[in-house]
Amino acid sequence: MSGAQPETIRGRKGIAVSTLLVAASVLALLRPAPAFAQETELRGEVSESAILADQQRKARQLRAQGSLDQAAPAAQTAEDQTQANPYEPASLGAVPGDDQTAGATGSIFDQPQATDDPFADDQTAAKPRRPSTARQRAADANAKKDVKAADKKKVKKKPGETTGSTTRTAVAGDQADTAATDQDGPNRRALTIDSIDRQKLDPGAERTGSIEGQKVKPEDDPFAATGIKVGTFVFRPTLEQGFTATSNADASSGGRPAVLSETALRFSATSDWRENSALINGYGIFRNTLSGQKINDAQGRIEGQLNVDLDHELRAIAKLGYEAVPESASSPDAIAGVTSQPLRQTVDGSLGIEKDVGKMRYTLTGAVTHDFYGDAKLSDGTVLSQKDRDSTLYSATLRTGYQVSPAVTPFAEVEAGRRVYDLRLDSNGFERSSTRLGARAGLELDMDDKLSGEFSVGWLREAIDDDRLPANAGPYVNADLKWSPERGTIIGLTGRTTIESTTAANESGDVLYSGRLTGERQVRANLTANSSLGLDWRNYTGSDGHDLILSAEAGLTWWLNRYAGLTTRVRTEKLTSNLPGRDYVANSVYLGLKVQR
């Protein structure tokens, strides 16, 4: 009996140990896991044999606990000699591998160990890890030095001054503080000097180039006049002074060669208003003889235009102009044997109202033109009055158009007017007042800078009150087009039909058709070429008389700078007529200096 008692005791002890193991397993399953522990989800059912094998394995571990306690000092020494910063995943939230987990037992029932669990059996305070390499310690020391240097620079730095080096030092200081904080935790990332160099700078702290160093968009015309600000207008004056050598000073059948001094003043003023617009243009030309045939004349014109937007989609266009030009020696009304031709002055104005209704375009324009002449001075010293030539033309024009597209608008218009002479009877006893009627159709084009303008054809007639004189009538042609086939090239076409009245005995007057084809080419930024071809046809009413005038001109302007340039041109003009004493040829060359602002 005494020999069996130890076996019974040992059996009881095994049962007690097994019971304790089962209780410990149940408590381990019921113990709450830390908040930061990783949850492991079991997949499928666990057999009883697996549970029993796990219990036996843990029993073996408890039996070996005594030997483990004895080897604890040696294990602690080995742990201190182990590298303090083992490999950790770079991605935030990554789970270490099984072989890197502290205390991995390989059991599916083990719970993650938590150092902050108050209910843990063996709770050991985590020891701060120290840098394990010389390179790490050097990086921390350099980071602290950068922080001190940044603090010193902040004292010397001016307000608002930010440089790349200062920003980099500040970033290094932040990295150093973060490194010092991370050293107290178990998951500190390694901080290296290379990582500081790769740190991106704040975009607002980066240096930018100076304003002067930025690329400037080149001007379309670097030699164009800049203008002068005068009130709410931009004023652009141009003064041209030069000399003309001509073979026919007054462009007449009896003209002689001469060298002339020619001065031309031109200007334009454009409004700078938020609403509406205004434009003023003007020119003046003065000629004086230096040698040869005596010429001393002046001519000029000034005109203004005002555009106003009214209510109910109405637009008003007002024009006003004044012109003073001496009578041309080649004019049908030129007076022979005079020292100077009479001065013709013209005052003209118009007011137009435009309205758009859908695609329909309506324009009603009223115009007034008054011509008055100065006295003619004869070579014998007498004065010949020209009062009987003074007249006023009143006219009204109604235009109706339909906008096929924004670029093309065909139109039709009718005109009615009345020409009234200041004297009811002229010096020869004829009533010169007349009634004017006309009709035409045309096309208006608007293709931006490529092609713009309008042209029209029709019929125009002025019936004179005196039955002894036939009416001045004929086809009507009008054109004003500008075409730019390529950048820097502008081609223009103008056409005009004018009824010229006269006070000559038994004559009604004539119809003059004028056409000009012009071209301007910017050869270089500072070199501009221009040319023109002219064709005039004059048809005398009541006879088969006619005049043909051909002209051609070519010129160059070389800009020395934005404000001054040299200009030159050559011109030829020829008149051929079936009437006696009217043919002439005039050739001229001009060289001058042009100044603009």
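This tour moves through the open structure one selection at a time.

**The whole protein**

Begin with everything displayed, and bear in mind that this is a predicted model. The protein contains 7 helices and 22 strands. Of its 597 residues, 27% are buried. Its accessible surface amounts to about 39000 Å², and carbon and sulfur atoms contribute 57% of that area. Among the contacts with a separation of 6 or more, 56% join residues 24 or more positions apart.

Next, select residues 434-447, which are strand β14, together with residues 451-464, which are strand β15. These two strands run antiparallel and are joined by 14 bridges. Within this pair, find G438 in the viewer; L460 in β15 stands opposite G438. β14 and β15 form a hairpin, with 3 residues between them. In the turn, select D448, whose phi is positive, at about 55°.

**S395 in strand β12**

Move to residues 391-402, strand β12, and select S395 there. Is S395 buried or exposed? Buried means under 20% relative accessible area. The relative accessibility of S395 is 18%, so this residue counts as buried. Display its surroundings as well: leaving out residues up to four places away in sequence, S395 touches T365, G366, A367, E415, A416 and G417.

**P222 in a loop**

Select P222, which lies in the loop between α7 (193-197) and β1 (228-230). With a relative accessible area of 31%, P222 is partly exposed. Which residues are in contact with P222, apart from its neighbours within four places in sequence? They are A525 and R562. Then select N561 too: P222 and N561 are 339 residues apart in sequence, yet their C-alpha atoms are 9.3 Å apart in space.

**A nonpolar patch on the surface**

Finally, select L239, L265, W558, L560, L566, L593 and V595 and display their surface. Together these residues form a nonpolar patch with about 600 Å² of accessible area. One of its members, V595, is placed in strand β22, residues 584-596. The relative accessibility of V595 is 37%, and this residue therefore counts as partly exposed.

How values were computed
Residues numbered from 1 in each chain as written. Predicted model: local features only at pLDDT ≥ 70, side-chain atom pairs only at ≥ 80, totals over all residues. Heavy atoms only, no water. Patch = residues over 30% accessible without salt bridge, like charges linked within 9 Å, V, L, I, M, F, W, Y side chains within 5 Å. Areas by Shrake-Rupley, 256 points an atom, 1.4 Å probe, with all protein chains shown as cover. Salt bridge = Lys/Arg side-chain N within 4 Å of Asp/Glu carboxyl O. Helix = DSSP H or I, 4+ residues; strand = E, 2+ residues; numbered from the N terminus. Buried < 20%, exposed > 50% of the residue type's maximum accessible area, 1.4 Å probe, protein only. Pairing = 2+ DSSP bridges. Contact = heavy atoms within 4.5 Å.
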